[in-house]
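Trainee: I am new to this one. Please show it to me, then take a close look at one part.

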Amino acid sequence: MKQETNEYLNPKNGPITFILVAINIIVFLVMEFLGDTEDSAFMLNNGAMNPYLILYEGQWYRLFTATFMHFGIQHLANNMLLLFLLGQIFERAVGPVRYLGIYLGSGLAGSFLSFFYLCLMGKNDIVAGASGAIFGIVGGMIIVVLCNRGSYSGISAKRMLFMAALTLYFGFATAGTDNVGHLGGLLAGLILTFLCYGIETLIQNRKKSILLSNKQDEEGQ
């Protein structure tokens with residue numbers, strides 16, 4: 001148990017995860033020092049996503065900055081706990097570079113889909129949070145598990161699917177949650193991970209299976 005705990009506490013086992021968690025916490029602390037992160041107007045003035053400002057003022061950077069902002073300490077804590085625990089496993093599976101790309105890509109995809117939905121529904125909400133990027137990791141882990149014959153680092157396919165379904169359910173059951181952003185991040189994580197990790201892994205597994213089969217045939221002759 002102690003060894004497993006030390007794995008999570010060692011930055012060498014997930015350097016990008018530690019950096020991302022640190023950035024999110026630092027951004028939150030700076031914003032708390034400057035104002036109130038639970039104040040929608042304050043969040044809007046400091047980079048939260050808003051359809052009107054993006055569409056009519058051309059402030060597209062908000063799709064990115066919003067993914068590092070959180071409404072209050074509870075919002076931050078919930079996201080960072082999942083990122084810290086699941087992110088390190090995912091990072092070790094796909095590698096730091098691909099991990100960072102999937103994280104940022106999923107975060108942007110979640111923000112954009114949320115923006116598109118709000119525009120479509122005629123809403124002008126203020127949105128922030130790393131949830132889209134974190135759901136991308138959840139989606140990515142589903143691909144990792146499936147591509148490794150249903151299990152990776154003690155995590156089964158059923159467990160990952162259950163986690164994704166449960167997290168989405170709590171999102172839909174909680175008022176004020178950006179569920180469209182969650183779905184956007186999840187889908188992006190599934191697609192990006194399959195493209196940059198899944199295809200290669202499946203090919204490698206197929207080659208290993210052929211080599212093993214040939215070796216068994218030779219031994220049987």
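What pattern does the protein follow, read along the sequence? And at what angle do helices H7 and H8 pack?

Mentor: This is a predicted model, where local features need pLDDT of at least 70, side-chain atom pairs count only at pLDDT 80 or more, and totals for chains, interfaces and linings use all residues. Residues are numbered from 1 along each chain as its sequence is written, and side-chain values use heavy atoms, without hydrogens or water.

Along the sequence, the pattern is α-α-α-α-α-α-α-α-β-β-α-α. That gives 10 helices and 2 strands (DSSP runs of H or I, at least four residues, and of E, at least two, numbered from the N terminus).

Now the pair. H7 covers residues 96–121, and H8 covers residues 131–147. Their axes lie 7 Å apart, at an angle of about 130° (axes are fitted to C-alpha atoms over the stretch in contact; angles run from 0 to 180 degrees between N-to-C directions). The crossing of H7 past H8 is right-handed (the near helix is turned clockwise from the far one by less than a right angle).

Who touches whom? H7 brings Tyr99, Ile102, Tyr103, Ser106 and Gly107. H8 brings Gly132, Ala133, Gly136 and Ile137 (contact: heavy atoms within 4.5 Å). By class, this contact has 5 nonpolar, 4 polar and no charged residues (Ala and Ile, for instance, count as nonpolar, Gly as polar, and Asp, Glu, Lys and Arg as charged).

Step back to the whole protein. Of its 221 residues, 42% are buried (under 20% relative accessible area, 1.4 Å probe, protein chains only). Among contacts between residues at least 6 apart in sequence, 74% join residues at least 24 apart.

How values were computed: Buried < 20%, exposed > 50% of the residue type's maximum accessible area, 1.4 Å probe, protein only.
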